[in-house]
Every structure is written in structure tokens, then in C-alpha cells.
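Opening the notebook on this one. I want to go through a few residues, then a helix pair, then the core.

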Amino acid sequence: MHSRPARSPKFAASAILSILLGLAACCAATPAGAQERRDREPNSVYAERRAKLAAQVDCPIILLGLTGHEESSQTYIFEQEENFYYLTGHNEEGAGLVILPAKSSGNDASNAPREIFYLPPKNPQKEKWNGARMSPADPGIEARTGFATVKPFAEMRAAVENLAKTYPCIYTILPYEKELGGYPHEKEVGDWLVQIAPQIKPRDIRAQITALRQIKSLGEIAFLQRAIDLTLDSHVEAMRMMRPGLQEYEVAAKMVEVHAMGGSEAEGYAPIVGAGPNSIALHYDKLSRKIEEGDIVVVDVGAQYSGYSADITLTIPANGKFASRQLEIYNIVLGAQNAAIAAIKPGMDLCQKGSKSLYKISYDYINSRGKDLHGKALGQYYIHGLGHNIGLNVHDPGESCKPLEPGMVVTMEPGIYIPEENLGVRIEDDVLVTEAGYRLLSERLLRDPAEIEKIMAQGADQRAKAAKRGDD
């Protein structure tokens, strides 16, 4: 899905597997509450992130989680604001966080807590409807949350007022100016701080959190791998069932079912299944067309696991056999992707120009091979970037021109979209940048056209045998 943002650990498959098993064992020992995610990282990981953040600032950091009122739809399932979750692992509404700088100010009491977690009070009546929630009065709440100091949320305002008297500044997440003023939640938090401490202009902590989020921990990579594996399973099912006469939504529904049965709590984004003329729309999500003979179908669907989103795309022929023109364009996109992936290593980037540009490698490949119906080069039909970071958001924070570093996980998704031919092709893999180069987390993705046709033929054969048994 095309985007709109210490020492590097060594990433071995065995290490990731052991981390995932460890997380599973941890979660089995402590059953998840009503809103808590099925899996999460150990409290020590979140504490380490907060400590890294505290070491970079000279004033307190004030963050508020989502309240649960940000979305009124009856289908809404609570999901914590990403940065708050990244620092706390807490997925319930109404929480707050104060982190004091690692270096104490002259007015600091040396024994004062360096971080305080605020939770709403117990509400038995609400829990009858929505299930159990954590509260500051729960026995063992400190060990459960990983915070030495847990207080009622009602006390947070007074604490912030006192900090504003002690420190010359306060950090929080300020709204993006380039994103129409940012999300409403971000503006509300900023307004709240200005109301409490009008003498202090809040400073933005977003960049520091973003820098941390770009380098994935072993636990995060394990969650991403789980999401990717579920997604790969669903793409195989899509190949097996694909045929003319199906509705686009039927393909998406089967893929979502595979994800859910495997433990995915949601999709990372609205499923994209675009057949024929819909294959050229990058974020087509209406799923309203019947798939017809001769269509090419772009399938861009990704599972989410414990908050972490995969992002995988395949393009397959509706009838199980690529037409010659479809195969020509597909192979050009595949060649561009292979060329870009082969060049991945620390120091390269996703910028659209420059000597370290992976995008340029993919663009030059596409623009030097094949022509449109008028004999013109195909580069003009490569209308988006090569990739983006993934993580807690399918478009995780990250600048395209920032050099890649070990621990980053990015997509590789070149594409060609020719409106005149109703022909769109995109192939997308998820890649971990390592110290030595890269590791393809979506290695099981069937990208070779002959393999795709083989799986689709097997699916057609199974349907024929099932139909024959039905006749008998």
C-alpha cells in the first residue's frame, strides 16, 4: 500500500522466534483484559524506550492516551494512539503519562518519581457492559503496567500545574502543520496544556519518538513477522479462489477470514482488491465490481497483529493465466522490485533522487524497458514512491530521504498503472534492513508468475473435483 511517516541489534531468525515464543508465554501467564492486546512486549522494553526519551530532553514530557470518544461509530474498537502505546504498551482509554527529564533540575526533589502513569478510577457499572479495566487501585498495578508510580487520572492536572512552576518548558506531541493542523486529539492535548500553564509554550517531542519508532525491537519484528505470515497465507487463498464471476468483496472477505482465524485483530488498512479498470486506482477500496474474464487483479491486503501491520500486494490474472501484455508489464515491475531489493543496505534511501536512491534504481529499470501503446517509455506510469516504513502504522513515521538503518522495516512496491489499457500492476514485499544488507520478511510471497499460475491452476482443479463430487 503506497504511503502518504544505540547499537543496532543483530537480527537472526532463531532470535525472533524465541522472542515471539517468549511473548506468547508471557501473555499466557497473564490473561489479557477486555481492551488489552493479545500480545505485547515485556514492560522492560517500554521502560527502556521512555528512558531513552527522558535522556534527550530538559523538561517534562506530558502525553495523554485516547479517551475512547474519538470515534462514535458502533463498529469502532478501541485502539490506543500509536506513540502513547509505543511508550507504555497500554491499550485502554483515558490514561496519561508524565516523564521527567533524566537530568534533574535544581528545584527537583531527588526522590521524586521520574515517571508517573495515570489511570481512570474503577467503574464497575461501565465494566458490566465493556469488561474489566485497569485502575490505579488494582492490587499489583505497578508490576502489571511497568510503572513504579500509578495514580488516579484526576490528579494529573495538579501535577502538570506544579511541573509548570518548576520547569521552563513542557514537551508533548504537537499537531502536524502539514497535515491540516494535525489530528483533533493532538490539538486538544496542546490546548489543555496551554490552559493549565499559559506561561509555557509546549515543545514538540514527535521527532524524538519518531526516531525511536523507526528502529524496530526484536519483539516488534516478531509481531510484524506474524502479521506478514498471516497476510501471505491469505494471499495464497486469494490465488486459489480467484476466478471470473467472483465479486471483489468475496476475495477480500476470504483474506480477512484467514487473518482473523490466525489471531489478527484487524486489517492494517482497508483491503484493496481492484480488478480490471480498478487495478489502476492505488487505494481502491470499494470492492464493488464483478471480476471478469481477462481482468488483471491487484490484491493489496495486510493483516495487523498486536497493533503491527503487514503491507503486501500481489497482482494476479483473474482467469489463472497472464495474457502476454499483462505478463510483459508484470515482469518489468518484478524486475524493478528485484533490482531495488538487491541494493538494500544501510545508507541507501527511498528518496526519488540521488546516488543512494533505491527508488531511482526501480524507476530506471521500468523506464528503460517496455513501451506504452504509443511507443513511449513506461516511467510516466510509475506514479508513486518505492516504499515506506511499517510498524504500529502501515505508514509508520519515517522520511523517504533519510538513510536506511539496521532495524528499519520498509516496503518495496514498484508499480505501473496504464489507464488506457485498464492495466495496473503492483508487487509489494516487506523488508528488514540489517547490518549486512536486508532480510525479506515476506520471502514466502509467490511473486514468480509461473508459481502464481501453478497455485491458481491447483485451485481451479480443487474446485472442479469438488463440483464433480457434488454431481455424484
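Does Ser306 count as buried or exposed, and at what relative accessibility? I looked it up in the model, which is a predicted one. Ser306 comes out at 3% relative accessibility, and the cut-off for buried is under 20%, so it counts as buried. I found Ser306 in the loop between strand 10 (303-305) and strand 11 (308-309).

**Entry: Leu287**

I checked another positive phi. Leu287 has phi near 55°, and this residue is not a glycine either. It sits in the loop between strand 8 (272-275) and strand 9 (296-300). With 15% relative accessibility, Leu287 counts as buried.

**Entry: Gln326**

Next I went to helix 11 (residues 324-342), where Gln326 has its place. I get a relative accessible area of 9% for Gln326, so this residue is buried. I then listed what it touches, skipping neighbours within four places in sequence: Gly294, Asp295, Ile296, Pro317, Lys321 and Leu423 are in contact with Gln326.

**Entry: helix 9 against helix 13**

I wanted the geometry of this pair. Helix 9 covers residues 218-241 and helix 13 covers residues 449-471; their axes come within 7 Å and cross at roughly 60°. The two helices are therefore oblique to each other. As for the hand, helix 9 passes helix 13 in a right-handed crossing. On the helix 9 side, I noted Val236, Met239, Arg240 and Met241 as the residues making the contact. Helix 13 brings Ile452, Ile455, Met456, Gly459, Ala460 and Arg463. Sorted by type, the residues of this contact are seven nonpolar, one polar and two charged.

**Entry: the core**

Which residues have the most contacts inside the largest nonpolar core? I got Ile62, Leu63, Ile205, Val297, Met412 and Ile416, in a core of 117 residues. Helix 9 turns up again here: it gives the most to this core, with eleven residues. For background, I jotted down that nonpolar side chains tend to be buried together in soluble globular proteins.

Not counting residues up to four places away in sequence, Val297 touches Met242, Val273, Gly274, Ala275, Ile291, Leu314, Thr315, Ile316 and Ala318.

Key. Residues are numbered from 1 along each chain as its sequence is written. This is a predicted model: local features need pLDDT of at least 70, side-chain atom pairs count only at pLDDT 80 or more; totals for chains, interfaces and linings use all residues. Side-chain values use heavy atoms; hydrogens and water are left out. Axes are lines fitted to C-alpha atoms, for helices over the stretch in contact, and angles run from 0 to 180 degrees between N-to-C directions. Helices (H or I, at least four residues) and strands (E, at least two) are DSSP runs, numbered from the N terminus. Angles under 35 degrees count as roughly parallel, over 145 as roughly antiparallel, 65 to 115 as roughly perpendicular and the rest as oblique. A crossing is left-handed if the near helix is turned anticlockwise from the far one by less than a right angle, and right-handed if clockwise. Contact means heavy atoms within 4.5 Å. Ala, Val, Leu, Ile, Met, Phe, Trp, Tyr, Cys and Pro count as nonpolar, Asp, Glu, Lys and Arg as charged, and the others, Gly among them, as polar. A nonpolar core is a set of buried Ala, Val, Leu, Ile, Met, Phe, Trp, Tyr and Cys residues joined through side-chain atoms within 4.5 Å. Buried means under 20% relative accessible area, exposed over 50%, partly exposed in between (1.4 Å probe, protein chains only).
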